[in-house]
Structures are given as C-alpha cells and as structure tokens.
Amino acid sequence: MRKIYQFDGLDGGVLSIGECAEPGQLIVRIEHNGNCADMRLSREEWQELMRLNYHIAFQSPEASEGEAESRLKAV
C-alpha cells in the first residue's frame with residue numbers, strides 16, 4: 001500500500017504527494033479546474049526540495065502589487 005498526502009489549496013486546487021511503485025521515487029500532482037500536472041521526483045530531488053526554506057513577508061491589503069512582489073524572496 002502506498003501513501004498519498006493531499007493538500008487543499010485556497011483557490012480550489014489540490015496538491016498531492018504520493019509514493020511510487022518504483023523504489024526511491026515519488027509523484028507530485030497539482031490539480032486545478034480540471035487540469036492536472038504530474039512530476040516524478042527522485043529521493044534526492046525530494047530531499048533537496050525539503051531543505052529549502054522560504055521567508056515570505058505578507059503584505060497588508062493597502063500595499064501595492066509591486067511592493068508585495070519585491071518583498072517576496074527565497075532565503
């Protein structure tokens with residue numbers, strides 16, 4: 001039996017992360033409005049992805065879109 005984890009997006013999309021039958025691989029799936037995209041990752045690629053840390057500074061509703069984009073950054 002393989003494990004599958006699903007996360008509901010705020011906009012109605014679904015992110016699924018599941019184990020594969022092939023050893024050392026998993027599938028990341030994004031579904032939204034009837035569209036679907038799958039991406040197969042190796043164990044090493046998944047571990048590298050999980051080591052990423054993001055710092056997101058959320059803006060107040062009064063901030064302009066340009067200001068919000070300039071504050072979004074990866075650390």
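## Sheet

An open sheet of four strands has the order β1-β2-β3-β4 with antiparallel pairing, strands being DSSP runs of E with at least two residues and pairing requiring at least two bridges found by DSSP. Because β1 and β4 (35-42) each have a single partner strand, they stand at the edges, and one side of each is left without a neighbour in the sheet. From one strand to the next the twist averages 15°.

The antiparallel strands β1 and β2 (residues 14-19) are joined by five bridges, and I4 stands opposite G18 in β2. Helix α1 (residues 43-50) packs on the sheet, touching β2, β3 (25-32) and β4, and its direction makes about 105° with that of β4; contact means heavy atoms within 4.5 Å.

## Basis of the model

This is a predicted model, in which local features need pLDDT of at least 70 and side-chain atom pairs count only at pLDDT 80 or more, while totals for chains, interfaces and linings use all residues. Residues are numbered from 1 along each chain as its sequence is written, and side-chain values use heavy atoms, with hydrogens and water left out.

## Overall pattern and surface

Along the sequence the protein follows the pattern β-β-β-β-α-β-α-β. Of its 75 residues, 12% count as buried, meaning under 20% relative accessible area with a 1.4 Å probe and protein chains only.

Y5, located in strand β1 (residues 4-8), counts as partly exposed because its relative accessibility is 46%, the partly exposed class lying between under 20% (buried) and over 50% (exposed).

Terms used
Axes fitted to C-alpha atoms, helices over the stretch in contact; angles between N-to-C directions.
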